[in-house]
Amino acid sequence: MQEVKSDFGDYLFQFGKIEKHSMFGGIGFFVSGAMFALVKKKRLYLRGGADLTEKLIYKECKKFVHVKKCSIAIVNYYDITELYEQKDNSLNAMMKKSIKNSVRDKVYRDSMLNKRLRNLPNMRLTIERMLKKGGVENIETFFSMSPEELFRKVRDSHGDDIDIKLLWMFAGAQIGVHWMLLSEETKHQLLRTI
């Protein structure tokens with residue numbers, strides 16, 4: 001395991017000033033405070049986002065699943081171990097795109113921390129109240145959870161008949177876009193995880 005981490009770390013340093021921290025029971029790699037890669041149990045994971053997610057899925061990279069004490073969290077990281085070992089010629093471009101997306105999303109999240117939930121894209125007072133009833137009290141909590149987790153919390157507190165668009169609205173709000181701009185693949189992927 002140390003060899004894989006060291007190798008991967010050496011590879012990542014070509015992309016800028018990289019920091020490492022313990023995350024999800026493994027080692028997370030960060031640029032400007034934004035995590036974009038993870039090593040856990042000899043597997044390498046890259047953060048997706050926007051069209052990068054579609055490329056990772058096309059390359060048959062499996063989504064990272066973090067098992068918590070009482071639940072499972074599916075986050076937007078994909079197993080790139082084989083791509084790395086095979087020295088896939090698209091990996092460098094995907095790495096740069098992941099770093100760019102991660103830093104952009106962190107800047108956006110940080111700018112939102114002083115705002116209310118209803119100030120996020122796709123949100124309004126009604127949805128803010130639904131989230132609060134589901135236990136999501138503030139922006140920080142909202143960004144600490146996956147869109148799927150947020151949707152489940154609202155569904156648990158409001159019943160099964162809530163509109164599925166809410167899932168997409170949460171996903172869009174987390175990246176700063178209107179939910180209708182999410183790709184069909186992203187929407188279908190979100191549906192598969194709830």
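Leaving out neighbours within four places in sequence, M169 is in contact (heavy atoms within 4.5 Å) with P121, N122, M123, R124, I127 and W179. The model is predicted, so local features need pLDDT of at least 70 and side-chain atom pairs count only at pLDDT 80 or more, while totals for chains, interfaces and linings use all residues. Residues are numbered from 1 along each chain as its sequence is written, and side-chain values use heavy atoms, with hydrogens and water left out.

M169 lies in helix α8, residues 165-175; helices are DSSP runs of H or I with at least four residues, numbered from the N terminus. The residue is buried, at a relative accessible area of 12%, where buried means under 20% with a 1.4 Å probe and protein chains only. F151 is 18 residues from M169 along the chain, and their C-alpha atoms are separated by 9.6 Å.

A nonpolar core is a set of buried Ala, Val, Leu, Ile, Met, Phe, Trp, Tyr and Cys residues joined through side-chain atoms within 4.5 Å. The largest such core has 27 residues, of which L120, M123, L131, F142, L166 and F170 touch the most other members. At least two residues of this core come from each of α4 (91-112), α5 (125-133), α6 (139-144), α7 (147-158) and α8. The most come from α8, which gives seven. A second, separate core has 24 residues, including L12, F36, L44 and Y78. In soluble globular proteins, nonpolar side chains tend to be buried together.

Not counting residues up to four places away in sequence, F142 touches L117, L120, L131, V136, L150, F170, A173 and Q174.

Key:
Buried means under 20% relative accessible area, exposed over 50%, partly exposed in between (1.4 Å probe, protein chains only).
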